[in-house]
Amino acid sequence: MEHILDCHGVIKKYGKKKALDSLTLSIKPGTILGLLGPNGAGKTTLMKLIVSLLRNYKGDIRINGSKPSFETKKIVSYLPDREFLYQWMNVEQSIAFFDHSFVDFERDKAYHMVKSLGLNVNDKIKSLSKGMQERLSISLAFARKAKLYVLDEPLAAVDPSTRDKIIQIIIENFDPTSAIIISTHLINDVEKLFTDVAFVNDGKVLLQGNVQEIKNEYKQSIEEIFKSMV
Ligand SMILES: Nc1ncnc2c1ncn2[C@@H]1O[C@H](COP(=O)(O)OP(=O)(O)OP(=O)(O)O)[C@@H](O)[C@H]1O
């Protein structure tokens, strides 16, 4: 089966600083990968390379067989780790904006998701709390019918019960011909979402594999294994 994402020996430097140091990672369709690593491990750098926001790297990155480019952006839905919504818009205008921006955007799905997460279409973005904006951002990212979803710390600001609800929505809507990468520090809270995890530290992948197989092998929780490795 062809990988949706293949990264091989990826090196990315900022000046003399090596943010990624021969990083190798691959993802098959049907994978929900937790990208786990401490601050500064290289998670955001890797995600920005995948979504073609950063260039000038060494090694090889392939998305569905192609190098990251304007073309691959069409099949990758990206949720950055910073606010990206236009504050002057309301929820409905944000949905319309995404609808115009992406051919794979499913407007009805977006309406359904924002509604089930307790948002009103007339809510002004600037009046929404950080957690409410996160609910909208996640709805917009998942309303695209993408091949690869790249979500940088998407669940940090939402309360635990909303987090569970979002996890439920992601699982219910997950198309097994696609794949998701999610970076997070909230290992225990979101572990149930992952089929696979990759531990990243100092720009390298220390361990990647299926969650259940890793747990069986190490006989510890993912968080315990993670803490013993990084
Ligand atoms: N624009 C930049 N210029 C210089 N160094 C950078 C830049 N962006 C990131 N770095 C450095 O690259 C390394 C990896 O950073 P990155 O943001 O990818 O890590 P991260 O795993 O996403 O961290 P966090 O969990 O804190 O968001 C860090 O040492 C960081 O200081």
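Which residues in H2 meet which residues in H3? In this predicted model, local features need pLDDT of at least 70, side-chain atom pairs count only at pLDDT 80 or more, and totals for chains, interfaces and linings use all residues. Residues are numbered from 1 along each chain as its sequence is written.

Val91, Ile95, Phe98 and Asp99 in H2 meet Arg107, Ala110, Tyr111 and Val114 in H3 (contact: C-beta atoms, placed from the backbone, within 7 Å). The contact comprises 6 nonpolar, no polar and 2 charged residues (nonpolar: Ala, Val, Leu, Ile, Met, Phe, Trp, Tyr, Cys and Pro; charged: Asp, Glu, Lys and Arg; polar: the others, Gly among them). Helices (H or I, at least four residues) and strands (E, at least two) are DSSP runs, numbered from the N terminus. The axes of H2 (residues 91–101) and H3 (residues 107–116) come within 10 Å and cross at roughly 150° (axes are lines fitted to C-alpha atoms, for helices over the stretch in contact; angles run from 0 to 180 degrees between N-to-C directions). H2 is therefore roughly antiparallel to H3 (over 145 degrees).

E6 (residues 148–152) and E7 (residues 179–184) pair in the parallel sense over 5 bridges. Leu151 stands opposite Ile182 in E7.

Terms used: Angles under 35 degrees count as roughly parallel, over 145 as roughly antiparallel, 65 to 115 as roughly perpendicular and the rest as oblique. Two residues are in contact if their C-beta atoms, placed from the backbone, lie within 7 Å. Two strands pair if DSSP finds at least two bridges between them.
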